[in-house]
Amino acid sequence: MFISAGVAAGIGSSFRCPIAGILYALEEFNVHWSIETVGRCAIAAATASLVSWYLTGAIDGQSNFEDTTGTFDYSVIRITPSGHASAMSPLFRVWEMSAIVLLGILGGLLGALMVVLNGYGLARWRKKHMGGPMVKQKKLCEAAAVACEGSLIAVLLPALWPCRALSPIEQDAVDNGRYVQWHSSTCADGDVNEMAALTFSLQGTTMNNLFSASDDMVFSISTLLAYGTVYLFFTVIAIGTATPVGAFIPMVLVGASFGRALGTAVQTFGYPDIDLRFYAIMGGAGAFTGLMRTPMSNVALFVEISSNTLVSGPLILCCVTAKVVANMLTPSHTDFMCMWNDYPLLKEDPPDEFRHYTASHIMTELYKGVRLEPIVIGLKDNKTVGREILRNTKHSTFPVVVDRSSDHTLKGILRRADLEQLCANEALEEYFPLPIEQVMELYPWVVDETFPAARVYRWFMRMSLRQLLVVKHGTFKVVGVITRHDLHECCMQWPTRKRKSVPTFEKSQEMQRL
C-alpha cells in the first residue's frame, strides 16, 4: 500500500498528472484493488501534484508565495495552447484509425524488442560476467563506458547531419518563446541542426521538441527515424547498469520519434493539415505500453498532459493494440526482470499444472516434499520462548496454538511486531504466560491440506494475502503455512516437471468434484 502511494505521488509530481499516477500504481503494483489503497494513492498523487505544481511555478517566477496563488500554465510537456501558438487538433479522418492501429502495433513490437535485447540478451551477459570478485569495480567501469558512449553518440551524430536555416514560422516560435529549443552544433551563425536539437537537449526539452506544433519545429523523416533507432539501442544498453536510468521517458521519446515520422510521411503524401503532435502522442503512448503493459494509466497520462479529452478514444485503441501485440511476443519488462532475478512475482492466474496438486504440495515444495513442523507459539508460552522464536526466525507472523509441544489446534495468528512488543514489555513477568490472546488475530485465513492448489493460488492473489495457514484434513490442527515464496517456487518448478502420474494424496470430496 505504501509502495503504491509512493508510485502514485512520483508520477503525479513528475508530470502533474494525479489520475495517471493513481492508475499506474494500481495497474502495475496491485493485483487486488481496495478502497483503502485507492484512497491513499489518490491523496498522495493529488498532494504531490499540487505541491510540485506550486513550488516549481514559484521558482519559475509564475506563482507567488505571499498571496498563495499558483499557475496551472506550468506543465512538464507543453502541448496545451499556453505552450504553443494553437491547440492540438483532436480531429482526424476515418482512415487515420489505421495509422493509429499501426502505431499501436509498432509500439508493441518496440516494447517486445526492448525486452528481448535487454532481458534475454544483456541481462544474461551481465549475470554471467558482472558478478564474482570486484563486482563494484566492474559496475563502475560499465557505467563509465556507457556514459562515454552516450556522450560520443550525442556529439558525433549531429556532425553527420546537414545544417539548415529556420523557416519564418520556426523563427517566430523561437522569438515568442513557444517552448522550442534549437541547437546549432557546428553550423554557421543563424543555421540549426535538426539532430542536435534532439541529442543536445535534456530529455524533457527533447520531449517538448517532439511534441511541438507541426510548423514550430520541422524535422525530416530521416532525422526522426535515425534518432529513434539510435536512442532505442542506447536505452537498451543503459537500462540495467548501476545508474539511475529509467525506461519511461526514453521509450516515450523513441515512440514519439517514430510517430512523428509517420505523421510527417502522411503530410508529405498530400495531407499537410494534420497535427504532428497527435501522431507523436500516439507513438509515445504505444511504445511505453508495449514495454510496461499498462494501457489505462498511459491513456490517462497522455490525456492529462495534452489537456484534450477527445484524444482518449484513439489513445485507448493505440494502447490496447500495443499491449495485445506485445503480450503475444514477450512478458512485460518488469515481469521479465523480476523472473530473471528470482523475485517472487506472481501472475493473476495459476499455471495449468496447479490443477494436479493440493495445498499440501505447495507448502512442501521448497523442502523437496519433506513436511517440516511449522513455527508456532502456544497460548501459555512466556518471554523466554518468545525471544527464542524471534532470534531463530525471520517470519512476519506466527500461528497461535493451544500448546506448542502437544496440541497444535489453531487459535489465531500473531504478528511479529506484537510479539516483539510483548517480549519487550518490562511489566510482564519473565516466566509467566504472555497475554497473547489480547493481541492476536482470531480469524486468520485457513485452508485444508487437501484443498486444490489452483484455488489456493486464486484466493492468495484475489485477497492480497501474505500468508495462508494450512490445517490437517478433517481437523483444525496447523500443519504448515503457505507464503508467496512457496507459490513462486511451485510456479517455477511444476510447469517444467515431467509427471508420470497424478501425485498420491488423500482426496477430499472437494478434490474429487474438481
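Predicted model: local features only at pLDDT ≥ 70, side-chain atom pairs only at ≥ 80, totals over all residues.
Q: What makes the space lined by Ile11, Phe15 and other residues a cavity, not a pocket?
A: A cavity is a set of points where a 1.4 Å probe fits but cannot get out, whereas a pocket is open. The structure holds one such cavity of 30 Å³ or more. The volume of the largest cavity is about 60 Å³.

Q: Which residues count as lining the largest cavity?
A: A lining residue has an atom within 4 Å of a cavity point. Those residues are Ile11, Phe15, Ala20, Tyr24, Phe248, Phe288, Ser297, Asn298 and Leu301. H12 gives the most, with three residues.

Q: Why is H5 called roughly antiparallel to H9?
A: Helix H5 (residues 135–159) packs against helix H9 (residues 221–238) at an angle of about 170°. Angles over 145 degrees count as roughly antiparallel, so H5 is roughly antiparallel to H9. Their axes lie 10 Å apart.

Q: What makes the contact between H5 and H9?
A: Contact means heavy atoms within 4.5 Å. H5 brings Val146, Glu149, Gly150, Ile153 and Leu157. H9 brings Val230, Phe234, Ile237 and Ala238. By class, these residues are seven nonpolar, one polar and one charged. Gly counts as polar and Glu as charged.

Q: Why are S6 and S8 called edge strands?
A: The open sheet has the order S6-S7-S8, with mixed pairing. S6 (446–448) and S8 (478–483) each have a single partner strand, so one side of each is left without a neighbour in the sheet. Neighbouring strands here are turned by 35° against each other on average, direction ignored.

Q: How do you know that S7 and S8 pair?
A: Pairing needs at least two bridges. Five bridges join S7 (residues 467–471) to S8, and the two run antiparallel. Val471 stands opposite Val478 in S8.

Q: What makes S4 and S5 a pair?
A: The cut-off is at least two bridges. S4 (residues 397–403) and S5 pair over six bridges, in the antiparallel sense. Phe398 stands opposite Leu414 in S5. The open sheet runs S3-S4-S5, with mixed pairing. S3 (377–378) and S5 (407–415) are its edge strands, each pairing on one side only.

Terms used. Residues numbered from 1 in each chain as written. Heavy atoms only, no water. 1 Å grid on protein atoms, 1.4 Å probe; cavity = no way out; pocket = protein on both sides within 12 Å on 5 of 7 lines; lining within 4 Å. Points joined across faces, edges and corners; volume = space filled by probe spheres on them. Helix = DSSP H or I, 4+ residues; strand = E, 2+ residues; numbered from the N terminus. Axes fitted to C-alpha atoms, helices over the stretch in contact; angles between N-to-C directions. Parallel < 35°, antiparallel > 145°, perpendicular 65-115°, else oblique.
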